[in-house]
Structure formats: C-alpha cells, structure tokens
Amino acid sequence: MTTLEYTITNNLVAGLALKEIESKIPCFYEISDTDSENMEDYIAVTIYCRNEDAEFVEKILAPFV
C-alpha cells in the first residue's frame, strides 16, 4: 500500500473523479473539511492504494491539482 496526498479543486467534477478512482481500483480515501458548508476552493485528499495503482490515481487527479 502507498499513501498519496493531494490538494485538489473542490468541485463536483473532482468529486466524480474520486468516485471513479474508488470504483476502478481497491483503495480508500479521506477528504479534509467535508462538512456540508465547506466553501473552500481546495480540499486536501489522502488516498491509500496499491503501489501499482498510484500512476492511475495521479492521471485521474492531474486536472484538479
């Protein structure tokens, strides 16, 4: 397992990208400041995945970093 940490754009498309990652590879992720009133432009995301899947995660999240 590897841990990847990113600061990504806080929008619907980025959220959908995280859901895509979760549906295609075995992983877990945590998002900071996930309350319903979070109006920040960026959020911190920590993803725990297999080493061989790290490149896939980086590719999917690249537009939001």
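Helices here are DSSP runs of H or I with at least four residues, strands are runs of E with at least two, and both are numbered from the N terminus. By that rule, L18 sits in helix α1. Everything below comes from a predicted model, where local features need pLDDT of at least 70, side-chain atom pairs count only at pLDDT 80 or more, and totals for chains, interfaces and linings use all residues. Residues are numbered from 1 along each chain as its sequence is written, and side-chain values use heavy atoms, with hydrogens and water left out.

L18 is a handy place to start. Its relative accessibility is 3%, so it counts as buried (buried means under 20% relative accessible area, exposed over 50%, and partly exposed in between, with a 1.4 Å probe and protein chains only). Setting aside neighbours within four places in sequence, L18 is in contact with I8, Y29, I31, V45, I47 and L61, where contact means heavy atoms within 4.5 Å. Between L18 and V57 there are 8.7 Å from C-alpha to C-alpha, with the two residues 39 apart in sequence.

A17 also belongs to helix α1, and at 6% relative accessibility it counts as buried. What does A17 touch once neighbours within four places in sequence are left aside? The partners are I60, L61 and F64. For A17 and I60, 43 residues of sequence separation go with a C-alpha to C-alpha distance of 6.5 Å.

Strand β3 covers residues 42-49 and includes T46. With a relative accessible area of 16%, T46 is buried. Leaving out residues up to four places away in sequence, T46 touches T3, L4, E5, F28, Y29 and E30.

Next, the pockets. On a 1 Å grid over the protein atoms alone, a cavity is a set of points where a 1.4 Å probe fits but cannot get out, whereas a pocket is an open set with protein on both sides within 12 Å along at least five of seven lines; lining residues have an atom within 4 Å of a point. Grid points are joined across faces, edges and corners, and a volume is the space filled by probe spheres set on the points. The largest pocket comes out at about 160 Å³. It has 13 lining residues, with N11, A14, G15, L18 and I31 nearest its centre. Which element gives the largest share of this lining? Helix α1 does, with six residues. At least two lining residues come from each of β1 (2-9), α1 (12-24) and β2 (27-31). By residue class, the lining has eight nonpolar, four polar and one charged (Ala, Val, Leu, Ile, Met, Phe, Trp, Tyr, Cys and Pro count as nonpolar, Asp, Glu, Lys and Arg as charged, and the others, Gly among them, as polar).

On to the charged pairs. A salt bridge is a side-chain nitrogen of Lys or Arg within 4 Å of a carboxyl oxygen of Asp or Glu, and the count by this rule is four. One of them joins K24 and E20, whose closest N and O atoms are 3.2 Å apart. These two are four residues apart in helix α1, so about one helical turn separates them. K24 counts as exposed at 54% relative accessibility, while E20 is partly exposed at 29%.

Another links E22 and K19, at 3.8 Å from N to O. Here the spacing in helix α1 is three residues, so the pair is again separated by about one helical turn. Both ends are partly exposed, E22 with a relative accessible area of 38% and K19 with 49%.

R50 and D53 also form a salt bridge, at 2.8 Å from N to O. How do the two ends compare, buried or exposed? R50 is partly exposed at 35% relative accessibility, whereas D53 is buried at 9%. R50, E52 and D53 are linked in a network of salt bridges.
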